[in-house]
Amino acid sequence: MITTLRLQASAILLGGLLAGPVLQTDALAQEGPGQGYAKIASGAYSVVAEVRAKPGKEAELRAVTLPLIDLVRSDPANIVYFLQENRETPGHFIFYEIFANEADFEAHNAMPYVKEWFAKLPELADGGVKVMRMQILAPAGD
């Protein structure tokens, strides 16, 4: 009986606790975290690119690549830009970028700061940049 009462009390308490966050989550989906997804149209132009530093050039490649974050994100045509580095292989960088269309991406690549970065790669990177050009997909009805 005591166990049953404890379980009922826990269920009521848990139900009350869950009701608040569930309602908050619904509101957040429209106004908070996650709202940015609505700004990315199905068919948007995305790029996943990879570059690897030459042995001993990891820190130098990182130093010339980090400024790209603010530069690219300040471009009004850029929707999303992330620079990532492999935790297990320092100097292995992955870029994730989204633009509305291919023309916006090509205009990005024509920017002087992007050209300057590419010009430094022969000295710093093992090979060039491997690029996958992709298309954003969304569920039917979005």
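Visitor: Is Phe-95 buried or exposed?
Guide: This is a predicted model. The relative accessible area of Phe-95 is 3%. Buried means under 20%, so Phe-95 is buried.

Visitor: What is the geometry of the Phe-95 and Trp-117 rings?
Guide: Their centres are 5.5 Å apart. Their planes stand at 75°, and angles over 60 degrees count as edge-to-face. The pair links distant parts of the chain, with Phe-95 in strand S3 and Trp-117 in helix H5, 22 residues apart. The pair is therefore edge-to-face.

Visitor: Is Phe-118 buried, partly exposed or exposed?
Guide: Phe-118 forms an edge-to-face pair with Trp-117, 5.1 Å centre to centre. Trp-117 is buried at 6% relative accessible area. Phe-118 has 37% relative accessibility, between the 20% and 50% limits, so Phe-118 counts as partly exposed.

Visitor: Which residues do ring pairs link into a cluster?
Guide: The whole structure holds five aromatic pairs. Ring pairs join one cluster of Tyr-81, Phe-95, Trp-117 and Phe-118.

Visitor: How do H2 and H5 run relative to each other, roughly parallel or roughly antiparallel?
Guide: The axes of H2 (residues 58-65) and H5 (residues 112-124) come within 11 Å. They cross at roughly 180°. Angles over 145 degrees count as roughly antiparallel, so H2 and H5 are roughly antiparallel.

Visitor: Which residues of H5 meet H2?
Guide: The residues of this contact divide into five nonpolar, one polar and three charged. H2 brings Glu-60, Leu-61, Val-64 and Thr-65. On the H5 side, they meet Trp-117, Lys-120, Leu-121, Glu-123 and Leu-124.

Methods:
Residues numbered from 1 in each chain as written. Predicted model: local features only at pLDDT ≥ 70, side-chain atom pairs only at ≥ 80, totals over all residues. Heavy atoms only, no water. Axes fitted to C-alpha atoms, helices over the stretch in contact; angles between N-to-C directions. Helix = DSSP H or I, 4+ residues; strand = E, 2+ residues; numbered from the N terminus. Parallel < 35°, antiparallel > 145°, perpendicular 65-115°, else oblique. Contact = heavy atoms within 4.5 Å. Nonpolar A, V, L, I, M, F, W, Y, C, P; charged D, E, K, R; others polar. Phe/Tyr/Trp six-rings, centres within 6.5 Å; stacked < 30°, edge-to-face > 60°. Buried < 20%, exposed > 50% of the residue type's maximum accessible area, 1.4 Å probe, protein only.
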